[in-house]
Amino acid sequence: MNTFEYIDGRLHCEDVDLSILGETYGTPSYVYSKKTIHENAKAYVNSFTNSDNLACFAVKSLSNLSILNIIKNSGCGFDIVSGGELNRVLSIGAEPKKVIFSGVGKTKKEIEQGINSGILSFNVESESELYRIEKVAEEIGSPAPISIRINPDIDSGGHDYITTGRKGDKFGISETRKIIDLCKHAHRAKHLKIVGLACHIGSQILDLDGFIKSADKIFELADELANFDISLEFLDLGGGLGISYEDEVPPSPFDLISCLEEKFKNRKERLILEPGRSISANAGILLTQVEYIKDNFLIVDAAMNDLLRPSLYKAHHDVCNVIDKKDNLKKWNIVGPICESSDFLAKNISLDVNEDDLIAIKNAGAYGFVMASNYNSRPKACEILIDGNESKIIRKRETLDDLLEKEKIVND
């Protein structure tokens, strides 16, 4: 689903002309389509034939409250990785029993927060974490639901920084014997409740092979646990389904779920998935203005502090004019004003462009604003939601005063 298209030579998001949007709200700005977010989320929810199965949106990919509310109302739960993300989803009325808490470094305070909130499960990523959760649960006097995140040693084929299921990656537990021993311990423990197994092999995955192999490995472990009378409520196969940044043709949510539900057909556990990018990426663009043209550089008012992916991963984002023109196409490197040579947003992009033109960086709805910073003391961009012919600010643009607000000058 994609609702960014040209109408009479002007790029629109749903029914809103983005050139007018730039004049109204300024740049850089993140712009999201409500319709795209909703339909991408429903593509998961509506693909399940078993109503007990659940898609938990990866909040790390796009965490704006208005966006999370749309996704919640579409029928999804949430995959979180911090107390801050837990606070966000609870603030918009998410059902705690639809919340999975992942991440390798959960603090005592975050564990307390999760137990007291009544979340569905903690995805346990290490032996030390399991014992810490047990200790915290004992102190609170309430059992903690846990699932062990296994490391299936599967290379998803993505960038090294977003591949998470291999031996040597910091995520999950690799040793089968240790996983079984920890599950047996949790099964016996008074203050732990073992409810599932989980895995997550990476991001921007473009075929189903890794998911199939992960399912086979997690089934094998679940069956072995059954020999010790340990029954599980769910098996969490993670997220990572890719999108088309260039000319990739990834599987659809329906393809993924149909494949996995077929494998789950004779099993009693329910299926949980943790989609992020495939729901949010193509729902957003980063709107920016060309400030200067220098040699083959377009120097724009957005930068790596606004969209880090190209600098961090060498990720590709296509770019287009807001007002369509192709009479004088030229290859450009699009860079920002940050004082780093790595500050680029795209390279070798063909555009017909002049100074002051607006351009749109596509597929910026995932790992865009959430990774923004104030490097070089730059205020963060605003976020705008489009709903039909209406545009609404869902996060105000930061001001220079905002950057100083929490600081204090101390006397010598």
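Start at K184 and F228: the charged end of K184 sits over the F228 ring, 4.4 Å from its centre. The rule for such a contact is NZ of Lys or CZ of Arg within 6 Å of the ring centre and within 35 degrees of the ring normal. Now select K347 and F344. K347 lies over the face of F344, 4.2 Å from the ring centre.

A word on the model. It is predicted, so local features need pLDDT of at least 70 and side-chain atom pairs pLDDT 80 or more, while totals for chains, interfaces and linings use all residues. Residues are numbered from 1 along each chain as its sequence is written, and side-chain values use heavy atoms, without hydrogens or water.

**Ring pairs**

Next, the aromatic rings. Rings of Phe, Tyr and Trp (its six-membered ring) pair if their centres lie within 6.5 Å; planes under 30 degrees apart are stacked, over 60 edge-to-face, the rest tilted. By this rule there are four aromatic pairs. Select Y30 and F369. Their ring centres are 6.0 Å apart and their planes stand at 85°, so the pair is edge-to-face. Y30 lies in strand β4 (residues 29–33) and F369 in the loop between β18 (358–361) and β19 (382–387), so the pair ties together parts 339 residues apart in sequence. Helices (H or I, at least four residues) and strands (E, at least two) are DSSP runs, numbered from the N terminus. Both Y30 and F369 are buried. Buried means under 20% relative accessible area, exposed over 50%, partly exposed in between (1.4 Å probe, protein chains only).

Move to F101 and F122. This pair is stacked, 5.7 Å centre to centre with 25° between the planes. F101 lies in strand β7 (residues 99–101) and F122 in strand β8 (residues 121–124), so the pair ties together parts 21 residues apart in sequence. F101 and F122 are both buried.

**Helix α1 and what follows**

Select residues 18–25, helix α1. Its buried residues are L18, S19, L21 and G22. After α1 comes G26, with a positive phi near 80°.

Step on to T27 and P28. A cis peptide bond joins them, with omega about -5°. P28 is in the loop between α1 and β4.

**Two positive phi angles**

Most residues other than glycine have a negative phi, and most peptide bonds are trans. Select D356, in the loop between β17 (344–351) and β18. D356 is not a glycine, yet its phi is positive, about 80°. At 52% relative accessibility, D356 counts as exposed. Then select S377, in the loop between β18 and β19. S377 has a positive phi near 55°. S377 counts as exposed too, at 54% relative accessibility.

**The cavity**

Finish inside. A search of the whole structure finds one cavity of 30 Å³ or more. A cavity is a set of points on a 1 Å grid over the protein atoms alone where a 1.4 Å probe fits but cannot get out; lining residues have an atom within 4 Å of a point. The largest cavity holds about 40 Å³ of space. To show its lining, select Y44, F211, G238, G239, G240, L241, L256, L273, E274 and P275.

Note on methods: On a 1 Å grid over the protein atoms alone, a cavity is a set of points where a 1.4 Å probe fits but cannot get out, and a pocket is an open set with protein on both sides within 12 Å along at least five of seven lines; lining residues have an atom within 4 Å of a point. Grid points are joined across faces, edges and corners, and a volume is the space filled by probe spheres set on the points.
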